[in-house]
Amino acid sequence: MDSTTPEALAGMRETASPATLPADTLKADILWHVLYSLGRDNERPDRQTVFRALALALRDRLVEKWIASQRAIYAKSSKRVYYLSLEFLPGPFLRQNLIALGLEKEARDALTELGFTLDDVAGEEWEPGLGNGGLGRLASCYLDSMAALRLPAYGYGIRYAFGIFHQLIRDGQQVERADNWLRGGQHWEFERTHYMHPVRFYGSVREWVDEQGRLRHTLEGGSTVMAMACDMFIPGYRNDYVLNMRLWAAKSSREFEFSFFNTGDYIGAVEKKIRDENISMVLYPNDEAPEGKELRLKQQFFLVSATMQDIVRRFRKKGVAWDQFPRKNVIHLNETHPAVAIPELMRLLVDEELLPWEEAWYICVRTFAYTNHTVLPEALEVWPEELFRKVLPRHLQIIYEINRRFLHDVRRQFPHDPGLLARVSLIHEGEQRFVRMSHLAIVGSFSVNGVSAHHSNIIKESIFNEFYKIFPERFNNKTNGITPRRWLRQCNPTLAWLITEHIGTEWLTDLEQLKKLEPYAESAGFQKAWMEVRLRNKQKLAEYIHAKNGITILPESLYDVHVKRFHEYKRQLLNILHVITLYNRIRRDPDAGIVPRTFIFGGKAAPGYYMAKHIIQLINAVGYTINTDPRVGDMLKVVFLQNYCVTLAERIMPATDLSEQISTAGMEASGTGNMKFALNGAITIGTHDGANIEMLEHVGDENLFLFGLLSHEVEDLRRQGYNPRTFYETDSELREVLDMISGGYFSPGDPHMFRDIVESLLNHGDRYMVLADFRSYAYRQQDAARAYLDQPGWARRSMLNTARMGFFSSDRSMGEYARDIWGVEGV
Ligand SMILES: *Cc1c(COP(=O)(O)O)cnc(C)c1O
């Protein structure tokens, strides 16, 4: 019988039990879904249709394993971990899921028979950009590792209809386009349309006394929005275990459907529906700078309220007493964004379950754990008190009561430091009052962690020093990590294969096994194979750049890559100043460049962040000048790749020689981009900041180019009065570069175009110490170029970077969280 007829397919479907799929059923399942799920002719499905059908065929397999995993968690009555994050940045799912399920080869074979390649079909996937950058990407690496470790865990977030904007570069400038990622339908998720929780905002609090004489609080009025669960599955690597990332989408409540009959205001009622559903409409595109908008606060509470209802529902099924809650649940707050979960749990326990305050608080501070991701003062989240009162009136009251009791205890513990109370208060007093979310998160959690050793020390010694004195036992470090399944196995299959050929496959779940590569670092044969793989990756990236930007680059040139969000503290500006320096040297003497180099930039700037966008424009202008200057030739190229995202990161990491991690010391909490590069054999040029410092300890200082001020030196310099002009005046190369920018060398049509960038350095204090670090950066760049001339030496360094990155697996991070914070084990 023809295997593509509907009858044949339906027959196969009935007889094929998913546990015992014969080898050809993936193809059959694809064709089945083309016809019955997507309603298309399955004789000649197009590529997009085949992608969607393949995704559905994999979802079938995932959901079975998920049900089994859930049953195992219930059966063991395990303590559950709830990971709450306003952002997840999972990247494309197709390859990850195929790898985790062990179906890559089957998929390739099935697609070949259908006339497609896996590369083509995978290219049809549009990644869900439900995060800004590092924080959201970390959450996704962590879910992958939680699944690999079989932890009884759940990710909770928001299903934004529009994720992070799509970035275009037009005339050298960033242009934002809406990211309509749901347009093509969602093939990975299950929408639970019958499964909703009400979430209530606004209204006013009525106080009353019940028959037993208890003071009660009831929220009256306000408006209700429904949260609909959308589930996406995260499979563990080849372990049949699947976790759930539950994302909430806002739906209008049914009320409006009835009310418009009464008022006759049909269109008004529909407008209310649209307003309600706005809550999950769009991700705020700000990284490291919160947007104090009402809608954002509503998003936070929307996630928290729906999630808490889910958690309580699951807990109630067990029928155990509330005091057991912390033994059965741990709620992890990824940054302070979901910290309103603390007053929300208090409200549930005190107002609804009628527990005494002390008992409720005892439960609360044994349930929550908080990860801090930033020490930038402008990134610490605060909310105007008035706004908070309007949106969440009862929660504000609860925060005040938490604060009253907390300050009472602090006064007793430190009676001789009256100023202390104002500094640690959950409320910032001043002309306007603000709720300090980080203080709330610290006071309400049993664990507070930073994300690298360096960052955790800064937390204890400076920004949260006073809390450290009050609650020393709460503070700990958990250095970030990345998942080797995506960031080596998937994005760099040829290198992964070379590694596996020599040391087996164990590294995929035990990254410290990469150490076994070290003995090969001196082998000429292995070095050659290593560098051949790398060169092929670089050729592929060159083809991509040629196709996207029309720029021809030499695959043999040194690929010097700076990709991450645009932020002044990440110092893309320092990098471009150095590029211009090289350009000037080459203009004068074509041999001065030492080695041909390709500088590659990528990253989005927050749409309202003027300086960051302006620096993007400068980089593009410099690139245009350099790439079209015949004196430069192949010695120097500058490329800006638009729309940096996970998909693009996967292309770039395997093809990078030199990884730029050059934040002002003390400002990058950890970084994870740094780890992705090094795992793929790039060598880092970086500052003493975040996880760079631990990377140095692991890979050794001959394998990493460190430069610049230390974080205490940055502080000392600032305290003594930093004068950036001295560097301008004493460093002639630097002066030439700055004069070219402000004189319009790169903007001949508008000579003033970039003057304000130079002003920010020379006349506005150079907050990020770009000029102070310029010279040491330029020297270190020269070291890097010389090192690149020695290709066997570079090969050895590259290999040792990969071999020594085992510590930076997110499996290690998650193992530490599970053991030290959560107190859970794999099921
Ligand atoms: C890893 C990653 C980041 C974080 O990069 P950093 O260099 O640590 O800031 C941001 N965006 C994407 C798409 C990533 O994959």
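Predicted model: local features only at pLDDT ≥ 70, side-chain atom pairs only at ≥ 80, totals over all residues.
Student: Which loop is the place of Tyr202?
Tutor: Tyr202 is a residue other than glycine whose phi is positive, near 60°. The place of Tyr202 is in the loop between E5 and strand E6 (204-209).

Student: How many residues apart in sequence are the parts that Arg159 and Glu191 tie together?
Tutor: The side chains of Arg159 and Glu191 meet in a salt bridge, with 3.0 Å from N to O. Arg159 lies in the loop between strand E2 (153-158) and strand E3 (166-170), while Glu191 belongs to strand E5 (residues 190-201), so the pair joins parts whose separation in sequence is 32 residues.

Student: How many salt bridges does the structure hold, and how many does the rule find across the interface of domain 1 and domain 2?
Tutor: The domain assignment of the chain gives domain 1 as 77-92 + 127-478 and domain 2 as 484-813. For the structure, the number of salt bridges is 61. Across the interface of domain 1 and domain 2, the number that the rule finds is 3.

Student: What area do domain 1 and domain 2 bury between them?
Tutor: The centres of the two domains, taken over C-alpha atoms, are separated by 35 Å, and 41 residues of domain 1 are in contact with 44 residues of domain 2. The size of an interface is often given as the accessible area lost when the parts come together. With 53% of it on carbon and sulfur atoms, the area that domain 1 and domain 2 bury between them is about 3,500 Å².

Student: Which three residues supply more than any other three of the area that domain 1 buries against domain 2?
Tutor: The share of these three residues is 17% of the area that domain 1 buries against domain 2. The residues are Gln167, Tyr237 and His454.

Student: Are H13 and H15 roughly parallel or roughly perpendicular to each other?
Tutor: Two packed helices are described by the angle between their axes and the distance between the axes. The axes of helix H13 (residues 357-364) and helix H15 (residues 393-413) come within 13 Å and cross at roughly 90°. Angles of 65 to 115 degrees count as roughly perpendicular, and H13 and H15 are therefore, relative to each other, roughly perpendicular.

Student: Which residues of H15 do Trp357, Glu358 and Trp361 in H13 meet?
Tutor: By class, the contact of H13 with H15 has 4 nonpolar, no polar and 3 charged residues. On the H15 side, the residues that Trp357, Glu358 and Trp361 meet are Ile398, Glu401, Ile402 and Arg405.

Key
Residues numbered from 1 in each chain as written. Heavy atoms only, no water. Axes fitted to C-alpha atoms, helices over the stretch in contact; angles between N-to-C directions. Helix = DSSP H or I, 4+ residues; strand = E, 2+ residues; numbered from the N terminus. Parallel < 35°, antiparallel > 145°, perpendicular 65-115°, else oblique. Contact = heavy atoms within 4.5 Å. Nonpolar A, V, L, I, M, F, W, Y, C, P; charged D, E, K, R; others polar. Domains from an automatic or database assignment. Buried area = accessible area lost by both parts, 1.4 Å probe. Salt bridge = Lys/Arg side-chain N within 4 Å of Asp/Glu carboxyl O.
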